Amino acid sequence: MPACHAGGHEFESRTHRFRNTSREVLRIFFANYSLFIFVSLYFFVLLHGIRKIIIQSINKKMKQTILVTGGTGFIGSHTTVELQQAGYEVVIIDNLANSNLNVLDGIEKITGIRPAFEQVDCCDMPALENVFKKYPKIEGIIHFAASKAVGESVEKPLMYYRNNLVSLINLLELMPKYDVKGIIFSSSCTVYGQPSQENLPVTENAPVQKAMSPYGNTKQINEEIIHDYIHSGAPIKSVILRYFNPIGAHPTALIGELPNGVPMNLIPFVTQTAMGIRKQLKIFGNDYNTPDKTCIRDYIYVVDLAKAHVKAMERVLDKPDTDAVEIFNIGTGKGLSTLEVVEGFEKATGVKVNWTYAPRREGDIEQVWGNVDKANKVLGWKAETPTEEVLKSAWKWQQKLREDGIQ
Ligand code: UD1
């Protein structure tokens, strides 16, 4: 074979091999590349879907605007914090009768968001309606604004009936007009009066007993107003929360309870006595039919209580199949005696409280604590904070008030 022919043949075969190899490389490349593209596309679509779901759920909450009446008050401010942290937008209205604007600073420091605020009395219908006009995105209401001192209500019953009933009626009347779907109402275990021994811990089905004060009566009447209005076909839903005894303060001590003058409730009196603002705490009654002869209550941490409102709001706005009115006890499910609370405070804080026994306080119930199974199961909520921590938070708040020169 001539050399040139042999070289040509080799050249051809090399070219052939080269073509084959190139084809093979291209085939492998495209096969893998398509696999790569396919896998990338798959992940892209998957991630896009997940992202969409996350954004939708965030936006859903972001978009929901909640009106919190009495939002600068004790429970209202803690609930505003929890709502904001859950992604809701909050509009507070308050007449500042029993709170002040500094509370908004506290809320802002905790959440980084200053809630919208309008100084409005819920009894002032034109002013209240303007709030709904100004904030047309309000979808839910949490109604805290109310007068709440039991003794004062006995002295000024008409003031209590006017404030507490008219404000709720005004809100209910405006809800359908401004397409507000749900209202959470702050009720109280006071509606149970003194439950019989066999009804302790008290469930939501225990009989409502004749109220012992106009304040307590306003809670009962307001519950009935909500039932009757919804029964009449009003296009709204409601969750009624019956609180036991709310105590403590936010762990940051940036918000807490600000009693007006001499405190009537146990914990502020304990912390003020520990601070030396009050000389001596009186434990009202040591002749009750309880193990240590002092009264028993179900003390619920205000932050846990605030979280129950977020759950209730989700239920009212996002769960279409629930009953139009639902009632939940919000407590710990555990009774503590007054003496146990005082001794628990001393142990938790290491601070001594000067206390003495005194005669029973008129109108006090001997013992009440809640069965909270329904809230645990249906709302998916549970009081989580140990009492020791709760009592410490109350003391930290009292110390913060002293630092700020408030008390
Ligand atoms: C009252 C209201 C309740 C409301 C709660 C918080 C009634 C019957 N109770 O509950 O609806 O949710 O306030 O605003 O309407 N005590 C002392 N010394 C004191 C203060 C209190 O011994 O200086 C005792 C009381 O006798 C009671 C317990 O501590 O046994 C709790 O009292 P308090 O904090 O006033 O709440 P309640 O009266 O239970």
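**Reading the model, feature by feature**

Q: Which residues of H12 are buried?
A: The buried residues of H12 are Thr387, Val390, Leu391, Ser393, Ala394, Trp395, Trp397, Gln398 and Leu401. Keep in mind that this is a predicted model.

Q: How should I read such a list along a helix?
A: Start with the geometry. An α-helix has 3.6 residues a turn, so residues three or four places apart point the same way. Now apply that here. Among the buried residues of H12 are Leu391, Ala394, Gln398 and Leu401.

Q: What covers the buried residues of H12?
A: The cover includes strands S7 (245-247) and S10 (299-301). Helices H8 and H10 (338-349) also belong to it.

Q: What span does H12 reach from its first C-alpha to its last?
A: H12 runs over residues 387-403, which makes 17 residues. Its C-alpha span is 24 Å, close to the 24 Å expected at 1.5 Å a residue. Just after H12, Gly405 takes a positive phi of about 70°.

Q: How do I describe two helices that pack together?
A: Two packed helices are described by the angle between their axes and the distance between the axes. For H10 and H12, the angle is about 80° and the axes are 9 Å apart. H10 and H12 are therefore roughly perpendicular to each other.

Q: Which residues make the contact of H10 with H12?
A: H10 brings Gly344, Phe345, Ala348 and Thr349. H12 brings Thr387, Glu388, Leu391, Lys392 and Trp395. By type, the residues of this contact divide into four nonpolar, three polar and two charged.

Q: Can we zoom in on one residue of that contact?
A: Take Leu391, in helix H12. Leu391 counts as buried because it has 25 C-beta neighbours inside 10 Å, and the cut-off for buried is 20 or more. Set aside its neighbours within four places in sequence. Leu391 is then in contact with Gly344, Phe345, Ala348 and Thr349.

Q: How far apart in space are Leu391 and Thr271?
A: Always set sequence separation beside spatial distance. Leu391 and Thr271 are 120 residues apart in sequence, and their C-alpha atoms are 9.2 Å apart. Pro259 and Val68 are 191 residues apart along the chain, with C-alpha atoms separated by 20 Å. Glu152 and Val316 are 164 residues apart in sequence and 33 Å apart in space, C-alpha to C-alpha.

Q: How is Pro136 placed?
A: Pro136 is in the loop between helix H4 (125-134) and strand S4 (138-143). Pro136 has 9 other C-beta atoms within 10 Å, so it is exposed.

Q: How many residues of H9 are buried?
A: In H9, 14 of its 17 residues are buried, and the helix is mostly covered.

Q: Now the ligand. How many residues surround it, and which are the closest?
A: Read a shell by its members, then by the elements they come from. Here 23 residues surround the ligand, and the closest are Thr190, Asn265, Leu266, Phe284 and Cys295. Helix H7 (214-231), helix H8 (266-275) and strand S8 (281-284) each give two or more residues to the shell. S8 gives the most, with four. By type, the shell divides into eleven nonpolar, seven polar and five charged residues.

Q: Where is Leu96, which has a positive phi although it is not a glycine?
A: Leu96 has a phi of about 60°. Leu96 is in the loop between strand S2 (89-94) and helix H3 (102-111). Leu96 is partly exposed, with 14 other C-beta atoms within 10 Å.

Q: What is the phi of Asp179?
A: Asp179 has a positive phi of about 55°, although it is not a glycine. Asp179 is in the loop between helix H6 (157-177) and S5. With 13 C-beta neighbours inside 10 Å, Asp179 counts as partly exposed.

Conventions. Residues are numbered from 1 along each chain as its sequence is written. This is a predicted model: local features need pLDDT of at least 70, side-chain atom pairs count only at pLDDT 80 or more; totals for chains, interfaces and linings use all residues. A residue is near a molecule or strand if its C-beta atom, placed from the backbone, lies within 6 Å of it. Ala, Val, Leu, Ile, Met, Phe, Trp, Tyr, Cys and Pro count as nonpolar, Asp, Glu, Lys and Arg as charged, and the others, Gly among them, as polar. The expected span of a helix is 1.5 Å times one less than its number of residues. A residue is buried if 20 or more other C-beta atoms lie within 10 Å of its own, exposed if 12 or fewer, and partly exposed in between; C-beta atoms are placed from the backbone. Two residues are in contact if their C-beta atoms, placed from the backbone, lie within 7 Å. Axes are lines fitted to C-alpha atoms, for helices over the stretch in contact, and angles run from 0 to 180 degrees between N-to-C directions. Angles under 35 degrees count as roughly parallel, over 145 as roughly antiparallel, 65 to 115 as roughly perpendicular and the rest as oblique.
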